[in-house]
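Please read them with the sequence and the structure side by side.

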Amino acid sequence: MTLTLRQGDRHADRVLDVVRRGFHEEGNDLVTRSWSRCLNQYQLDPGRPREPVIIASSALQSRRNQHADVIECARYEMTTLYQQLADAESAVVLTDTDGVIVHMVSSPEFAAEAEPMGLRAGGMWGEAEAGTNGMGTCLAAAHPISVRREEHFFSHFTQLTCSAVPVFDPSGEIIAVLDVTSRSSLMQQHVLVLLGMTARMIENRLIDKRFSNAHPLHFHSRPEFVYTLHEGKLAVGDDGRILAANRSALFQLGLQSMDEIRTQRIDDLFQTSLEDIVQRSLSSSFHPVVAYRANAALRFFAVARRPASDAATPSRVRGAGAGTAPVITETGAEAFRAPLRPSATRAPGIRTFKDARLVAHLDTARRVVARRTPVLLCGETGSGKEVFARAIHETSPHAEGAFVAVNCASLPETLIESELFGYKAGAFTGAQRSGRRGKILQADGGTLFLDEIADMPLELQARLLRVLDERQVTPLGTEETHPVDFQLVSASHQHLPSLVREGRFREDLYYRLAGIELDLPPLRDRTDKRELIHDVLKDEGGSDSRLGEDAERVLMAYPWPGNLRQLRHVLRSAAALADGKTITREHLPSLAARVVPSPVSAYAALPAASEPAEASADAAPSDAAPAVKLNPIQANERQVLLQMLEQHRWNVSNVAKALDVSRNTLYRKLHKLHIEISPPD
């Protein structure tokens, strides 16, 4: 990534010429002013690049500790931005106010190539060290900037393009710079837009983190912009004093600086008091309510809440005796703790998510449900979708409401409508005399979890879509409508886009459900499988239950087609057979004969999906791969089900019991995997 000496000389001559002629050449004025600073103020020579300045690891750690909250707020947003860019030859970089890189997200290949230039953690990119560049010039100018290739001061950076924006702390001071560096030679306006959005998200998260004891207030002149990046955001103390504001809040209120707004109270800004707007927000289920500007005719729409720290104080939110349960843990970051109602129950062994994907998914879900975004969970049967949905509920603004779960696959089609929407007395033959509130009304103020949503009949999908759009429900047998407010979480083990293409699921409902789509890993792929096994054993067999090494090897090697549900039943039976003694391989009769006793891949005992069927000498003729192409996961799933059918002499009822699923669900799975339901001759 270096240029020839001759090219470097031409670049240096151009820089010197532009500065000497007084910036008359067309170009980026911010860049030419930076060139002037580099020449006249820092005494740098564009023809003699300096060696990269890298601070010591101890000094880097000290800076990271000093900016720990900023890095924590930025880490996830930077990863998301890097994924959005989808450019393997790029890096998303965060520097402190001295231009020292404190965090970076990049591909290993690009990071290795850029490291000799100092593009690494600990590298100093201030103008005094690295000349004109995105990070350093953004700091010097306090302004977003793109520095393209030949706009760099030093010639050996001219194969890079850097775009950077400042990040402001709640006091309105620059606290960091967010940068994207790549090999692109194109204009970077779209990157600057994405960087600006990411910086605003980091700034808003920083307000939440530093002012968790304050009341968050969201507002905008247009109600649809509340809970978006465009909203104004205030942190308000118990006495009504403004503690912090984001840049959008200052702009909308016509104020110039944080110093100006921090001298005011909420009733100086709006024609309302803190308690009034909090109560009105609560009464409206946190839909925006009208708030007029003090001493003006300007109308805003606002939502105010109790402090986030109150949600972490069980006695204030849930009443005495409530506890908190850690839901996720992250190495190097503060654990996120979600309140747990005293009456709530948890599935055994799922006290803490340690799998990195689940940790990231729960953090994503926590963030999107705060903006009332529907969540769609995808994963195999038994992979813990309802447990994960409960964890989402306990971290959401609707946590004080009920968690109402509906399994669309287990209800007869004739009852799904009455279960969801309810009915009045005498609505149909067999109806309860007093009528019945449907699941949607029961979930009002809480979370509605629709499991196996793919099994909902098409005609009911249209009615559900209307409820989701209008946020009103009409029970059967009546024309009365009831407003409802709930967080929607749906789940399916089927691929909904495929069902949409086949005409078996409404496309408009799919997009309404999938505000964000999260794939939950099956048990065999989870990195915390060993911890899960031991946690489930404690729940099913008691704290004194112990696993022998041979039994643990069997459990780790087994592919777990029934996932967590199957694991729970297997360990419950093993604990009963061991009767207080150490569980050994002999106490796992349904597994021991079907896995290779080795702690290697979960599929170690299965043929590879790419192998031809005849490679297995024991395979029956019907075991051959179907004509329709299956993906590797489906192929392995098919092979496991075939083995279980053989073991249970093709008795579908016994296989369903072993997997703890209904026969209807198993038949659908067999049909999807092209398995004949009658045994081979």
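**Notes on strands and helices**

1. Strand β7 (residues 232-236) pairs with β8 in the antiparallel sense over 3 bridges, where strands (E, at least two residues) and helices (H or I, at least four) are DSSP runs numbered from the N terminus, and two strands pair if DSSP finds at least two bridges between them. Within this pairing, Val236 has Ile242 in β8 as its bridge partner.

2. This is a predicted model, in which local features need pLDDT of at least 70 and side-chain atom pairs count only at pLDDT 80 or more, while totals for chains, interfaces and linings use all residues. Residues are numbered from 1 along each chain as its sequence is written, and side-chain values use heavy atoms, with hydrogens and water left out.

3. The open sheet is formed by 5 strands in the order β8-β7-β6-β10-β9, with antiparallel pairing. Because β8 (242-245) and β9 (289-292) stand at the edges with a single partner strand each, one side of each is left without a neighbour in the sheet.

4. Helix α12 (residues 274-283) lies across β6 (215-220), β7, β9 and β10 (299-304), and runs at about 80 degrees to β10; axes are lines fitted to C-alpha atoms, for helices over the stretch in contact, and angles run from 0 to 180 degrees between N-to-C directions. Contact means heavy atoms within 4.5 Å.

5. The axes of helix α2 (residues 29-41) and helix α7 (residues 134-141) come within 11 Å and cross at roughly 90 degrees. Leu30, Ser34 and Arg37 in α2 meet Thr137, Ala140 and Ala141 in α7.
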